[in-house]
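Please read each point with the structure in view.

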Amino acid sequence: MSNYSATRESEISLAELRGDCARMAPHWVVPAKSAPVRVAPSLIHGVTVPAASARLIDAMSEYGD
């Protein structure tokens, strides 16, 4: 039988957790973010918005501004 006993999650301190995260951070590589390709407005066609959705968006300024 093994002498190793797993600790419960509640027994792990915040400092230990932060240390574990700091050691793992170099392993997590974030890919370079590419800029989205702009589309000329003249190429955007065929988009229709239902009247109910247009009214909903139009009324949203009352809540956010």
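1. Overall make-up. The protein has 2 helices and 0 strands. Helices (H or I, at least four residues) and strands (E, at least two) are DSSP runs, numbered from the N terminus.

2. Basis of the values. This is a predicted model, in which local features need pLDDT of at least 70 and side-chain atom pairs count only at pLDDT 80 or more, whereas totals for chains, interfaces and linings use all residues. Residues are numbered from 1 along each chain as its sequence is written, and side-chain values use heavy atoms, with hydrogens and water left out.

3. Burial and surface. Of the 65 residues of the protein, 2% count as buried. Buried means under 20% relative accessible area, exposed over 50%, and partly exposed in between (1.4 Å probe, protein chains only). The accessible surface comes to about 7000 Å², and 61% of this area belongs to carbon and sulfur atoms. Accessible areas come from the Shrake-Rupley method with a 1.4 Å probe; for residues, only the protein chains shown count as cover.

4. A nonpolar patch. Val 39, Leu 43, Ile 44, Val 47 and Val 49 make a nonpolar surface patch of about 520 Å². Such a patch is made of residues with over 30% relative accessible area and no salt bridge, with nonpolar side chains (Val, Leu, Ile, Met, Phe, Trp, Tyr) joined within 5 Å and like charges within 9 Å. Leu 43 lies in the loop between α1 (14–24) and α2 (51–64), and Leu 43 is exposed at 60% relative accessible area.

5. The salt bridge. The structure holds 1 salt bridge, a term for a side-chain nitrogen of Lys or Arg within 4 Å of a carboxyl oxygen of Asp or Glu. Arg 23 and Asp 20 meet in a salt bridge through their side chains (2.3 Å, N to O). These two residues are 3 residues apart in helix α1, so about one helical turn separates them.

6. Exposure of the partners. Is Arg 23 buried or exposed? Arg 23 counts as exposed, at 53% relative accessibility, while Asp 20 is partly exposed at 37%.
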